[in-house]
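Me: I am new to this structure and would like to learn how to read it. Could you walk me through a few features?

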Amino acid sequence: MAANIHDQSFSIVFGLLGNILSFFVYLAPLPTFYKIFKKKSTEGFQSIPYSVALFSAMLLLYYAFLKQHDAVMLITINSIGSCIESIYLIFYLIYATKTARIYTTKLVIFFNIVALGLIILVTLVFFKGHLRVSIVGWICAIFSVCVFAAPLSIIRLVIKTKSVEYMPFPLSFFLTLCAITWFLYGFSLKDFYIATPNILGFSFGITQMILYLVYRGETKALVLPDSNNKVQLEQFPNANNVQQSTVNQNQEGAMNYGVAGMISNSQVVPSELNV
């Protein structure tokens with residue numbers, strides 16, 4: 001009995017800390033949307049990170065409601081996250097081009113109506129009780145593992161360019177701290193659907209911080225596509241360009257791939273495509 005109370009106390013502390021950290025992580029894309037607002041255009045910024053973030057937050061909400069017990073922390077942060085990501089997407093649609101608006105609408109329909117709807121329908125109709133919770137938990141865990149593989153692209157970019165220009169240290173630090181907090185939360189509740197994926201989260205985060213320490217003094221690199229769509233590297237003392245802003249936007253947005261199970265400093269490969 002005393003051990004259960006002790007574990008529950010730890011889970012409350014870690015859950016509150018995770019909620020606070022994750023809330024600020026969700027606010028990280030605000031500079032991106034301020035740029036969009038100032039220029040009245042989405043330019044090269046992409047909507048994929050925010051569409052996927054909304055899907056994963058809603059998926060975790062469904063898992064939390066099924067779980068019922070010890071789910072308050074999951075419900076609060078993912079409810080907040082769903083609202084914030086929805087606002088981002090609405091704001092994006094206002095300033096997007098017609099092509100980008102259509103593409104974003106298709107993404108939202110696919111992820112949050114078709115995919116999420118099928119998951120809810122199948123699990124409610126064909127499964128019951130603890131088995132239903134386990135299946136949805138596994139879906140969350142598998143999806144988050146896939147998301148946590150995304151930082152491999154930015155790690156590869158840093159090693160190739162020998163530059164940390166596209167990988168701000170504070171962002172990697174706080175995302176790593178966030179992943180550790182949610183791991184401890186899941187571990188204290190023996191909820192391994194939450195704990196296990198975050199092992200990858202803080203492992204990749206620590207790797208990024210080590211790379212930052214190794215390459216922080218190197219010359220910044222500009223990534224340019226050549227005529228054969230292969231990456232070219234040019235050295236600049238200060239590369240403020242479309243490619244850089246696009247990578248930073250993807251780092252700010254894609255890291256919100258759901259909190260308390262899928263929070264990640266994941267990256268999307270640099271692109272100038274306005275989609």
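This is a predicted model: local features need pLDDT of at least 70, side-chain atom pairs count only at pLDDT 80 or more; totals for chains, interfaces and linings use all residues.

Me: How do I read a pair of aromatic rings?

Reply: Two things describe such a pair: the distance of the centres and the angle of the planes. Take F37 and Y95, whose rings sit 6.4 Å centre to centre with 85° between the planes, an edge-to-face pair. This pair links distant parts of the chain, since F37 belongs to helix α2 and Y95 to helix α4, 58 residues apart.

Me: Is Y95 buried or exposed?

Reply: Buried means under 20% relative accessible area, and Y95 has 19%, so Y95 is buried.

Me: Which residues touch the most other members of the largest nonpolar core?

Reply: That core has 41 residues, and the ones to look for are F55, Y63, L74, W182 and Y185. Helix α3 gives the largest share, 11 residues. Apart from this core lies another, of 11 residues, including F148 and L211.

Me: And what about the surface, which residues form a nonpolar patch there?

Reply: Look for I109, F110, I113, V114, L118, L121, V122, L124, V125 and F126, with about 950 Å² of accessible area together. F126 lies in helix α5, residues 98-126, and is exposed, with a relative accessible area of 61%.

Notes:
Residues are numbered from 1 along each chain as its sequence is written. Side-chain values use heavy atoms; hydrogens and water are left out. Patches are made of residues with over 30% relative accessible area and no salt bridge: like charges are joined within 9 Å, nonpolar side chains (Val, Leu, Ile, Met, Phe, Trp, Tyr) within 5 Å. Accessible areas come from the Shrake-Rupley method with a 1.4 Å probe; for residues, only the protein chains shown count as cover. A salt bridge is a side-chain nitrogen of Lys or Arg within 4 Å of a carboxyl oxygen of Asp or Glu. Helices (H or I, at least four residues) and strands (E, at least two) are DSSP runs, numbered from the N terminus. Buried means under 20% relative accessible area, exposed over 50%, partly exposed in between (1.4 Å probe, protein chains only). A nonpolar core is a set of buried Ala, Val, Leu, Ile, Met, Phe, Trp, Tyr and Cys residues joined through side-chain atoms within 4.5 Å. Rings of Phe, Tyr and Trp (its six-membered ring) pair if their centres lie within 6.5 Å; planes under 30 degrees apart count as stacked, over 60 as edge-to-face and the rest as tilted.
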